[in-house]
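I am opening my notebook on this structure. Each entry below records what I looked up.

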Amino acid sequence: MGCMASEHVTWVKGGTASFLAATDDAVTLRSSIPSPPGSRLDGVLVAGPVDVRIKVHRSKREEDGSFTIHGRLIDATRELRGRIASLVV
């Protein structure tokens, strides 16, 4: 599997992800694990122990074995959305 440049989230069920885009509650991540549309992913920000919950809209397998996940933040505060936006490359 390909190496992710910088990991922003550690998933509760295992694996990691990096934020690629964030606009309000809409987020795109590159994840080491897949998650089907309609599912919820729970994780923790690596930069500070803050819970992150995402409702998955789409998940696509990439050539390097990682997964691009499009989804929506669940119950995110303005502060959390700002922190996530600052992590986007």
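I start with a term: buried means under 20% relative accessible area, exposed means over 50%, and partly exposed lies in between (1.4 Å probe, protein chains only). With that, I looked up Asp25, which is partly exposed at a relative accessible area of 29%.

I note the ground rules. The model is predicted, so local features need pLDDT of at least 70 and side-chain atom pairs count only at pLDDT 80 or more, while totals for chains, interfaces and linings use all residues. Residues are numbered from 1 along each chain as its sequence is written, and side-chain values use heavy atoms, with hydrogens and water left out.

**Salt bridges**

How many salt bridges are there? I count three. The rule is a side-chain nitrogen of Lys or Arg within 4 Å of a carboxyl oxygen of Asp or Glu.

Arg81 pairs with Asp25, with the closest N and O atoms 3.6 Å apart. Arg81 sits in helix α1 and Asp25 in the loop between β2 and β3, 56 residues apart. I checked the definition: helices (H or I, at least four residues) and strands (E, at least two) are DSSP runs, numbered from the N terminus. Arg81 is partly exposed, at 26% relative accessibility.

Next I looked at Asp42 and Arg53, whose closest N and O atoms are 3.5 Å apart in a salt bridge. Asp42 is in strand β4 and Arg53 in strand β5, eleven residues apart. Arg53 also meets Asp75 in a salt bridge, at 3.1 Å from N to O. Asp75 lies in the loop between β6 and α1, so its pairing with Arg53 ties together parts 22 residues apart in sequence. I record Asp42, Arg53 and Asp75 as a linked network of salt bridges.

**Positive phi**

Most residues other than glycine have a negative phi. Asp24 has a positive phi of about 55 degrees. Asp24 lies in the loop between β2 (16-23) and β3 (26-31), and is exposed at 63%. Asp75 has a positive phi near 55 degrees too, and is exposed at 65%.

**Core**

I looked up the largest nonpolar core, which has 17 residues. Such a core is a set of buried Ala, Val, Leu, Ile, Met, Phe, Trp, Tyr and Cys residues joined through side-chain atoms within 4.5 Å. Among the residues touching the most other members are Trp11, Phe19 and Leu73. Strand β5 gives the largest share, three residues.

**Ala26**

Which residues does Ala26 contact, leaving aside neighbours within four places in sequence? They are Ala21 and Gly71, where contact means heavy atoms within 4.5 Å.
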